[in-house]
Amino acid sequence: MKAKANITPAIGELIQIASEKAQYPDYKNKHGAKAQFGWYRYNTRFGIPVYDEDGNLDRYNIFSTRMLVRCDADGKLYLYDLVRTKKETSKPHEQ
């Protein structure tokens, strides 16, 4: 939840760098009027800075997420939700 709150101002940039953009219909009219024009789903990544006690940048916590974007009749896209938001915990490659 904290990660979602921190990235809200960067939604536009997250959409621009997103990968695996896919459009989906509203199967079985599950969402009714909210999504009658379908959905886009995007995979994206973002980093949240972590600072030490002195206020110096220590590192970034990297997260991956799937963005659900609703298509509207006016052709505009509206963020609906961020799902599968997970902190990446990969280790550096060992030689």
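**Notebook: strands, rings and surface**

Entry 1. I started in the strands and looked up L68, whose bridge partner in β4 is D81. A reminder to myself: this is a predicted model, and I read each value below as computed from it.

Entry 2. Next I wanted the setting of that bridge. How many bridges join strand β3 to strand β4? I found eight, with β3 covering residues 57-71, β4 covering residues 77-87, and the two strands running antiparallel. I then followed the chain around the turn: β3 and β4 form a hairpin, and five residues sit between them. In that turn I noted G75, which has a positive phi of about 85°.

Entry 3. I stepped back to see the whole protein chain. It has two helices and four strands.

Entry 4. Then I turned to the aromatic rings. I kept in mind that a pair of aromatic rings is described by the distance of the centres and the angle of the planes. The count came to three aromatic pairs. One of them is Y40 with Y42: the ring centres are 6.1 Å apart and the planes stand at 40°, so I logged this pair as tilted. Are Y40 and Y42 buried or exposed? Y40 has a relative accessible area of 17% and is buried, because the cut-off for buried is under 20%. Y42 is buried too, with a relative accessible area of 3%.

Entry 5. Another pair I looked up is F46 with F63. Why is this pair called stacked? The planes of the two rings are at 15°, and stacked applies to planes under 30 degrees apart, so the pair qualifies. The centres of these rings are 5.3 Å apart. F46 lies in strand β2 and F63 in strand β3, so the pair ties together parts that are 17 residues apart in sequence. Both F46 and F63 are buried.

Entry 6. Which residues make the nonpolar surface patch of about 350 Å²? I listed Y51, L57 and Y60. Y51 belongs to strand β2, which spans residues 39-51.

Entry 7. The protein chain has 95 residues, and 27% of them count as buried. Its accessible surface comes to about 7200 Å², with 49% belonging to carbon and sulfur atoms. Lastly I checked contacts between residues at least 6 apart in sequence: 42% of these join residues at least 24 apart.

How values were computed: Residues numbered from 1 in each chain as written. Predicted model: local features only at pLDDT ≥ 70, side-chain atom pairs only at ≥ 80, totals over all residues. Heavy atoms only, no water. Buried < 20%, exposed > 50% of the residue type's maximum accessible area, 1.4 Å probe, protein only. Contact = heavy atoms within 4.5 Å. Areas by Shrake-Rupley, 256 points an atom, 1.4 Å probe, with all protein chains shown as cover. Patch = residues over 30% accessible without salt bridge, like charges linked within 9 Å, V, L, I, M, F, W, Y side chains within 5 Å. Salt bridge = Lys/Arg side-chain N within 4 Å of Asp/Glu carboxyl O. Pairing = 2+ DSSP bridges. Phe/Tyr/Trp six-rings, centres within 6.5 Å; stacked < 30°, edge-to-face > 60°.
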